[in-house]
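Follow along with the model beside you.

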Amino acid sequence: MDTCIFCKIINKEIPARIVYEDEHILAFEDIKPQAPIHILLIPKDHFASLNALPEDKQHLVGHIFTKARDIASEKGIKDRGYRIVLNTEKDSGQEVFHIHFHLFGGRPMTWPPG
Ligand code: AMP
Ligand code: ZN
């Protein structure tokens, strides 16, 4: 998508601090971190939200989750714990409409979420 900010990051049209990349997904540091570790993981194909993800692309979600776990391990927070968040549409607070998973860690998290 030409106007999507995350597609522009994928296409290297705007900079990001990339943590991991392969053929299917990209992980990069959030520009406005809400925790000492705050990384976004996205599929390279554009889907506006979980609601737009077709059944035949569901493997991407598993790939992103296992890679988020691996990144948590590399960052040294796997055992103390971390949180993965997927905001979907308006009530969740989703602001960027290219599906993305937040990986948060490095501090205790509160519950319930706001
Ligand atoms: P959400 O509210 O779930 O849509 O989260 C969007 C996230 O994208 C926010 O945490 C933003 O700080 C982050 N974000 C927006 N623009 C950029 C960017 N250019 N590089 C990295 N993170 C970004
Ligand atoms: Zn996009």
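**Entry 1: before anything else**
I reminded myself that this is a predicted model. Everything below is read from that model.

**Entry 2: the ligand**
I began with ligand 1 and asked which pocket holds it. Ligand 1 sits in the largest pocket.

Next I looked up its neighbours. I found 17 residues around ligand 1, and those that come nearest are Asp 30, Asn 87, Glu 95, His 100 and His 102.

Then I sorted this shell by class. Seven of its residues are nonpolar, six are polar and four are charged.

I also wanted to know which helices and strands contribute. At least two shell residues each come from helix H1 (5–10), strand E2 (25–29) and strand E3 (37–43). H1 gives the largest share, three residues.

**Entry 3: polar contacts of the ligand**
I zoomed in on the oxygen atoms of ligand 1. One oxygen atom lies 2.6 Å from a polar backbone atom of Glu 95. At Val 96, a backbone N or O atom is 2.9 Å from an oxygen atom of the ligand. With His 102 the side chain takes part: one of its N or O atoms is 2.8 Å from an oxygen atom of ligand 1.

How much of the ligand's accessible area does the protein cover? On its own, ligand 1 has 500 Å² of accessible area, and the protein covers 85% of that.

Lys 12 is one of them, with a positive phi of about 60 degrees although it is not a glycine. I located Lys 12 in the loop between H1 and strand E1 (18–21). Is Lys 12 buried, exposed or partly exposed? Its relative accessibility is 48%, so Lys 12 counts as partly exposed.

Glu 89 also has a positive phi, near 70 degrees, and it is a residue other than glycine. I found Glu 89 in the loop between strand E4 (82–85) and E5. Glu 89 counts as partly exposed because its relative accessibility is 30%.

For the peptide bonds, I noted the one from Trp 111 to Pro 112, which is cis, with omega near 0 degrees. Pro 112 belongs to the segment after strand E5 (101–105).

**Entry 4: a serine with two partners**

Where is Ser 49 placed? I traced Ser 49 to the loop between E3 and helix H2 (59–74). Buried means under 20% relative accessible area. Ser 49 has 1% relative accessibility, so it counts as buried.

**Entry 5: a last pair**
I finished with Ala 35, found in the loop between E2 and E3. Its relative accessible area is 9%, so Ala 35 is buried.

How far apart are Ala 35 and Pro 113 in sequence and in space? I read off 78 residues along the sequence and 14 Å in space, C-alpha to C-alpha.

How values were computed:
Residues are numbered from 1 along each chain as its sequence is written. Chains are lettered from A and ligands numbered from 1 in the order in which they are written. This is a predicted model: local features need pLDDT of at least 70, side-chain atom pairs count only at pLDDT 80 or more; totals for chains, interfaces and linings use all residues. Side-chain values use heavy atoms; hydrogens and water are left out. A residue is near a molecule or strand if one of its heavy atoms lies within 4 Å of it. A polar contact is a pair of N or O atoms within 3.5 Å; within protein, one must be able to donate a hydrogen and the other to accept it, and residues adjacent in sequence count only if both atoms are side-chain atoms. Accessible areas come from the Shrake-Rupley method with a 1.4 Å probe; for residues, only the protein chains shown count as cover. On a 1 Å grid over the protein atoms alone, a cavity is a set of points where a 1.4 Å probe fits but cannot get out, and a pocket is an open set with protein on both sides within 12 Å along at least five of seven lines; lining residues have an atom within 4 Å of a point. A molecule sits in a cavity or pocket if more than half of its atoms lie within 2 Å of its grid points. Helices (H or I, at least four residues) and strands (E, at least two) are DSSP runs, numbered from the N terminus. Ala, Val, Leu, Ile, Met, Phe, Trp, Tyr, Cys and Pro count as nonpolar, Asp, Glu, Lys and Arg as charged, and the others, Gly among them, as polar. Buried means under 20% relative accessible area, exposed over 50%, partly exposed in between (1.4 Å probe, protein chains only).
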